[in-house]
Amino acid sequence: GNSQKIDAPTIDFYYEHGLKNKQKVYANIVGMYSKAESNRNYIEFSNIGTSFEERLGLTSNKYSLIAEGIYEKGFPNGILKFGVKHVQSFTDQVIRQTNILKFDLNQVESSIFSEWSYNKNNLNYTLGLRVNRTYFSNSSISREYYNFLPKAMFGYKFTENSFIRYDIEMSQTNPTLVELSNAEIRLDPYLSEQGNSSLRPYKNLINTLFYENKKGLFTLNVNLHHHYKRNPIMESKRETDKTFLIMPENMKDWNKYNAEAILKVGMIMDVLQFSFTGGFNYFDSRGKNYTHSHSNLYYKADLLAMYKKWMFIGQIQPFNESLYGETLTKDGNYHYLAVQYNTNNISLGIGAFNPFTNVSRTIMENKNSQAPFRRETFSNASQTVVITLTWNLIFGRSHNVSSKSINNQDIDYGIKESYK
């Protein structure tokens with residue numbers, strides 16, 4: 001069995017101020033302390049009793065600071081932005097298995113960026129560039145990396161109901177705390193996992209072409225998407241004296257191609273609206289000594305009905321499939337029904353996930369040539385009833401509160417959601 005506990009008190013400070021001549025400044029400072037605990041107890045039984053047992057305990061303490069500032073200048077047909085961002089964290093971990101192991105990591109990421117957005121008549125575009133510095137250090141390593149990360153967007157509106165947009169962006173993914181830890185974790189009699197302190201950040205290149213056309217009650221969206229990762233961090237597996245050892249490494253590349261279409265209809269007589277999504281995925285994953293591919297068709301359907309103060313919601317979604325490294329994962333198979341009653345200040349609703357059958361499960365299939373495996377996980381909590389109550393209380397004078405232009409958070413707590 002597995003159990004996790006995460007406490008993450010956070011202080012979030014946001015400041016926005018308008019200046020004369022169409023100028024603005026934004027600032028966001030986030031400070032967080034997180035304590036994460038993860039425990040795993042794995043037991044195998046045979047006819048004569050317990051054949052294998054392994055217990056794992058991990059405690060992670062992390063202190064992080066995120067600071068970002070943006071200056072914005074407006075022009076008749078565009079907006080120019082300059083910004084700076086700094087992220088710094090320190091983490092110490094204690095891993096308890098056969099022995100007690102300690103691990104620490106100091107991580108710093110700083111960047112400066114600029115962006116120009118233009119919009120006139122039917123044409124709009126955005127050009128941006130970020131210069132990024134990343135630094136990792138602990139008692140045994142010290143590494144520094146620099147990257148240039150450009151992005152661009154071009155859009156054109158054919159009519160009031162039809163437009164097309166193309167986005168291309170390069171980003172950076174850093175190794176996580178778990179991936180950088182050199183501690184070896186025994187999973188079962190045949191498998192072990194270990195981090196890799198020599199991992200490097202890698203680049204992502206994302207291309208997206210989007211088209212929308214509206215006519216009467218019908219709206220059609222078409223989306224073409226390509227995600228390329230160069231030297232991504234993916235799993236490798238090799239045989240040792242006792243087990244097969246799973247270790248993350250910077251591999252060759254990873255590609256995902258996606259084509260998706262969404263048809264929306266409604267609102268019909270201001271009562272009914274529904275949408276249907278259909279798509280195709282193709283994955284190509286290339287390691288140092290393996291190449292795997294996977295393709296799948298998928299669909300999703302949504303229904304919304306409204307009558308006076310009542311609202312009905314229905315959703316259905318089959319498996320979400322993805323291939324990364326040598327592991328194919330299928331999850332997210334569910335259906336959902338809900339009804340809600342709304343007044344001016346009160347909203348009461350009740351909904352249910354998988355009310356008719358317990359269909360939610362996760363399938364994990366590893367395609368390694370030496371030690372393949374397939375696991376299915378069922379959850380008793382997949383049939384869940386949800387009750388919502390919203391009560392809008394207004395006392396005295398009300399104020400309009402605008403949304404934040406900058407939102408930063410740190411969600412790398414140093415533990416894994418699950419083990420293979």
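1. A word on terms to start: contact here means heavy atoms within 4.5 Å. With that in hand, take Leu 191, leaving aside its neighbours within four places in sequence: Leu 191 is in contact with Arg 186, Lys 237, Thr 243, Phe 244, Ile 246, Phe 373 and Arg 375.

2. Please keep in mind that this is a predicted model, where local features need pLDDT of at least 70, side-chain atom pairs count only at pLDDT 80 or more, and totals for chains, interfaces and linings use all residues. Residues are numbered from 1 along each chain as its sequence is written, and side-chain values use heavy atoms, with hydrogens and water left out.

3. Now the overall picture. The protein chain has one helix and 26 strands, taken as DSSP runs numbered from the N terminus (helices H or I, at least four residues; strands E, at least two). Its C-alpha atoms fill a box of roughly 70 × 55 × 50 Å along the principal axes. Of the 420 residues, 36% count as buried (buried is under 20% relative accessible area, exposed over 50%, partly exposed in between, with a 1.4 Å probe and protein chains only). Among contacts between residues at least 6 apart in sequence, 58% join residues at least 24 apart.

4. Leu 191 also belongs to the largest nonpolar core, which has 12 residues in all, including Leu 56, Ile 95, Ile 185, Phe 244 and Phe 373. Such a core is a set of buried Ala, Val, Leu, Ile, Met, Phe, Trp, Tyr and Cys residues joined through side-chain atoms within 4.5 Å. Strand S4 (49-75) and strand S15 (244-250) each supply at least two residues of this core. A second, separate core of nine residues includes Phe 136, Leu 180, Tyr 202 and Ile 233.

5. What kind of residues line the second largest pocket? They divide into three nonpolar, six polar and five charged. (Ala, Val, Leu, Ile, Met, Phe, Trp, Tyr, Cys and Pro count as nonpolar, Asp, Glu, Lys and Arg as charged, and the others, Gly among them, as polar.) Of the 14 lining residues, Gln 97, Thr 98, Glu 184, Arg 186 and Ser 192 lie nearest the centre. Strand S10 (residues 184-186) gives the most to the lining, with three residues. A pocket, on a 1 Å grid over the protein atoms alone, is an open set of points where a 1.4 Å probe fits, with protein on both sides within 12 Å along at least five of seven lines; lining residues have an atom within 4 Å of a point.

6. Finally, His 86 sits in strand S5 (residues 78-96) and is partly exposed, with a relative accessible area of 28%. The C-alpha atoms of His 86 and Ile 66 are separated by 5.9 Å, though the two are 20 residues apart along the chain.
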